[in-house]
Amino acid sequence: MNTQRLEQISAPDFDLAKTLNSGQVFHWEKIGNGFVGTIDDLPIYVEQNGDFLKVRDGAVRTRSLRQPLTRIVAHYFALDHPLGEICASFPDDPVMNAALDFCQGLRIIRQPKWECLATFICSSMKQVAHIRQISKKLRVRFGEAGKIGESIVYAFPSAERIAESSEKELRECGLGYRANNLLRTARLVSSGEADLEAWSALGDVDLRARLCELPGVGAKVANCVMLFAYERLRAFPIDVWIERVLREKYFARKKRATPQDIRFFSESYFGEHGGYAQQYLFHHARIGARDRAIEVNRRYGQRRRQKAGAVHRTARDRLSSPRP
């Protein structure tokens, strides 16, 4: 990457890697000192150096950007969110404080609405690594290619492009039963029957209800889209990771807590920035579990090597001992 052509953006209280790897967006890839991806259909390279981002786009210069690149990137990464105030609003308890310490600088990205909706329809019952694979296959097969440096990146395909495809083609991208849901939703969006932009004017209750009318969208997906695409920062998606955290840490004495109990608690306890709190709890739980698994495997491998070494030394000592 030619750093002489990089533009600089002030980015205090921001951690680029944590934000991109926190399970809210799935297409950015690590390249050298930074990441490559797209914002809408614009190829972007971004790297962090302390409290600054350095960015470069891959736009063809026969057309101008709708606004300065630095503004596009700053808006996407929500660098205007008052992160200190948001974090100060979190409940003061050991679980939340541990997640807060672990996730310092993580921000909620402002994602394009259709891209976010389509991606989370594909996410049902899938782990982050699988969602990334599906996203990449959809982009490569149906999206427009762009170049940033030596990297080829693909924009997420429009609702119109997906609507023109077939369920068979979508299944070939690894969607399984989700293919039909994505196809039907794409056709609703492309026809204008589901006007995602117009829905921005709706209140939270009505927006959630409209989203849940779409094929493949339940409460969890709707809350993800509200949080990551509509910037409804109270939205609190509850997936397997979050439900486990809530049950183990907040409902330990109430073994028979119902989903309704958990929903009511999350909405009332975490407050107006519950979406941020949820993302911190999710990232801390997921990465913490991964790191613990790595450590367990490391220790297991170390014990096996030690045991093998002891067996080898015993055998060697027996061979070298003088015969009676």
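Modeller: Happy to! Contact here means heavy atoms within 4.5 Å, and buried means under 20% relative accessible area, with exposed over 50% and partly exposed in between (1.4 Å probe, protein chains only). Helices (H or I, at least four residues) and strands (E, at least two) are DSSP runs, numbered from the N terminus. This is a predicted model, where local features need pLDDT of at least 70, side-chain atom pairs count only at pLDDT 80 or more, and totals for chains, interfaces and linings use all residues. Residues are numbered from 1 along each chain as its sequence is written, and side-chain values use heavy atoms, with hydrogens and water left out.

Let's go to helix H9, which covers residues 178-191. Its 14 residues reach 20 Å from first C-alpha to last, close to the 20 Å expected at 1.5 Å a residue; that expected span is 1.5 Å times one less than the number of residues. The buried residues of H9 are Arg178, Ala179, Asn181, Leu182, Leu183, Thr185, Ala186 and Val189. They pack against four helices: H5 (113-121), H6 (128-142), H7 (159-163) and H8 (167-171). After H9 comes glycine 192, with a positive phi near 90°.

Among contacts with a separation of 6 or more, 67% come from residues 24 or more positions apart.
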